[in-house]
Amino acid sequence: MAETTATVGSTVGLHARPAALLAEAAADYDLEITIALEGEPAEDALDAASVLSLMGLGAEYGQKVVLRADGDGADEALAALKQLIETDHDAEG
């Protein structure tokens, strides 16, 4: 299982637009990708392709989240999603 940690870069956290962008990107992969706040048990991880799950996660700016995926292309998928999470989408205008 591949795993990476990312720091939330959007000033509003993983809410609204950043959550929608992340969910859409995660859904593009033929993988089950999960997300959890750093320090939370893996079994409490949520579906990264679900906007409602992402918003319910409550990840705020500067918090660390853990992404996990298993299967072909998992490392590449997590690297792309990590970059997306660490981007401040609110600053892009």
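A salt bridge here is a side-chain nitrogen of Lys or Arg within 4 Å of a carboxyl oxygen of Asp or Glu. These close-ups come from a predicted model, where local features need pLDDT of at least 70, side-chain atom pairs count only at pLDDT 80 or more, and totals for chains, interfaces and linings use all residues. Residues are numbered from 1 along each chain as its sequence is written, and side-chain values use heavy atoms, with hydrogens and water left out.

**View 1. E3 and R68 form a salt bridge.** The closest N and O atoms of the pair are 3.0 Å apart. E3 lies in strand β1 and R68 in strand β4, so the pair ties together parts that are 65 residues apart in sequence. With 51% relative accessibility E3 is exposed, while R68, at 12%, is buried (buried is under 20% relative accessible area, exposed over 50%, partly exposed in between; 1.4 Å probe, protein chains only). The salt-bridge count comes to 1.

**View 2. Four strands make an open antiparallel sheet.** Their order is β1-β4-β2-β3, with β1 (2-7) and β3 (46-47) as the edge strands, each pairing on one side only. Strands are DSSP runs of E with at least two residues, helices runs of H or I with at least four, numbered from the N terminus; two strands pair if DSSP finds at least two bridges between them.

**View 3. β1 meets β4 (residues 64-69) over 6 antiparallel bridges.** Look for T5, which stands opposite V66 in β4.

**View 4. Helix α3 (residues 74-86) lies across β1, β2 (33-37) and β4.** The helix runs at about 10 degrees to β1; axes are lines fitted to C-alpha atoms, for helices over the stretch in contact, and angles run from 0 to 180 degrees between N-to-C directions. Contact means heavy atoms within 4.5 Å.
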